[in-house]
Amino acid sequence: MDWYPLFNSLRIAAISTAVIFFLGIFAAYYVAKLPRLVKGVLDVVLTLPLVLPPTVVGYFLLRLLGPKRVLGMWFLEVLDTRLTMVWYSAIFASAVVAFPLMYRTARGAFESFDTTLAYAGRTLGKSNTWIFWRVMMPCCKQGIIAGTVLSFARALGEYGATAMIAGYTPGRTATISTTVYQLWRTGNDEEAMKWVLVNLAISTVVLLAVNMLERRDRAPRRSAAAPEGGSA
């Protein structure tokens with residue numbers, strides 16, 4: 001059994017998640033502080049890939065990164081680098097499709113943050129950067145981690161946009177999702193089922209991790225609420 005699709009899927013998902021981790025947190029932090037109207041518009045734009053069909057996302061990426069488009073042509077002529085039909089093309093697809101999950105989860109965590117802690121830090125002379133990394137991020141870490149895990153899972157299972165921008169070449173661009181489709185299309189159901197089980201096992205582990213994070217997040221809230229209930 002050729003394990004290249006698993007290796008390729010894991011590296012694509014890992015790189016995509018690393019990129020959208022910082023982009024999602026950055027966007028969520030600043031969008032959360034904007035006026036309601038501006039926030040609403042940006043929310044629609046940044047969340048759109050979550051509701052669009054993946055093939056539509058792939059089409060837009062091809063229009064942007066294709067070798068006959070301005071950006072793709074520049075990379076090809078100046079840097080001698082193709083942005084489509086290579087393994088790292090799937091990074092663009094996975095990052096765009098999974099970004100809304102990281103953004104929405106991080107924004108929800110930031111909006112539930114107790115701002116009085118930030119005000120207290122400012123009265124002590126701490127900078128906004130110090131408050132963000134030392135106060136805000138630790139308080140919101142459960143939501144951030146959950147968003148990261150969900151984004152990784154989404155990037156790992158991405159198919160539609162990946163198939164359009166990276167295609168399927170065994171040993172070069174094949175991922176788990178594209179391999180399952182190609183094996184099924186050629187009537188090799190036994191091999192396809194093996195990859196389905198691999199993907200199912202990884203997805204189960206991811207969901208268990210998210211559930212564990214949610215339980216850890218609820219536990220401190222219960223313990224904080226217990227004295228109040230006992231005194232009543």
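Trainee: Is tryptophan 195 buried or exposed?
Mentor: Tryptophan 195 is buried, at a relative accessible area of 3%. Buried means under 20% relative accessible area, exposed means over 50%, and partly exposed is in between, with a 1.4 Å probe and protein chains only. This is a predicted model, where local features need pLDDT of at least 70, side-chain atom pairs count only at pLDDT 80 or more, and totals for chains, interfaces and linings use all residues. Residues are numbered from 1 along each chain as its sequence is written, and side-chain values use heavy atoms, with hydrogens and water left out.

Trainee: How much of the protein is buried?
Mentor: Buried residues account for 38% of the 232 residues.

Trainee: Back to the rings. How many aromatic pairs are there?
Mentor: The count is 15 aromatic pairs. Rings of Phe, Tyr and Trp (its six-membered ring) pair if their centres lie within 6.5 Å; planes under 30 degrees apart are stacked, over 60 edge-to-face, and the rest tilted. In one of the pairs, tryptophan 3 and tryptophan 195 have ring centres 5.6 Å apart and planes at 75°, so that pair is edge-to-face.

Trainee: Where do those two sit?
Mentor: Tryptophan 3 is in the segment before H1 and tryptophan 195 is in helix H11 (residues 189–231), so the pair ties together parts 192 residues apart in sequence. Tryptophan 3 counts as partly exposed, at 47% relative accessibility.

Trainee: What about tryptophan 74 and phenylalanine 75?
Mentor: Their ring centres are 5.3 Å apart and their planes are at 80°, so this pair is edge-to-face. Tryptophan 74 is partly exposed at 45%, and phenylalanine 75 is partly exposed at 25%.

Trainee: Which residues do ring pairs link into a cluster?
Mentor: Phe26, Tyr29, Tyr30, Phe110, Phe132 and Trp133 are linked that way.

Trainee: Which residue lies over the face of tryptophan 87?
Mentor: Arginine 11 does, at 3.6 Å from the ring centre. Lysine 126 lies over the face of tryptophan 130, at 4.7 Å from the ring centre. The rule is that NZ of Lys or CZ of Arg is within 6 Å of the ring centre and within 35 degrees of the ring normal.

Trainee: New topic. How many helices and strands are there?
Mentor: The protein has 11 helices and 0 strands. Helices (H or I, at least four residues) and strands (E, at least two) are DSSP runs, numbered from the N terminus. The C-alpha trace spans about 65 × 45 × 25 Å along its principal axes.

Trainee: Where is threonine 84?
Mentor: Threonine 84 is in the loop between helix H4 (70–78) and helix H5 (89–111). At 3% relative accessibility, threonine 84 counts as buried.

Trainee: What is threonine 84 in contact with?
Mentor: Leaving aside neighbours within four places in sequence, threonine 84 is in contact with Leu62, Leu65, Gly66, Pro67, Ser89 and Ile165. Contact means heavy atoms within 4.5 Å.

Trainee: And across the protein, how many contacts join residues at least 24 apart?
Mentor: Among contacts between residues at least 6 apart in sequence, 70% do.

Trainee: Last one. What did the cavity search find?
Mentor: The search of the whole structure finds 1 cavity of 30 Å³ or more. A cavity is a set of points, on a 1 Å grid over the protein atoms alone, where a 1.4 Å probe fits but cannot get out; lining residues have an atom within 4 Å of a point.

Trainee: Which residues line the largest cavity?
Mentor: The lining is Ser9, Ile12, Ser94, Ala155, Leu156, Glu158, Thr162 and Thr175. Helix H1 (4–31) and helix H8 (141–156) are the elements that give two or more residues to that lining.

Notes: 1 Å grid on protein atoms, 1.4 Å probe; cavity = no way out; pocket = protein on both sides within 12 Å on 5 of 7 lines; lining within 4 Å. Points joined across faces, edges and corners; volume = space filled by probe spheres on them.
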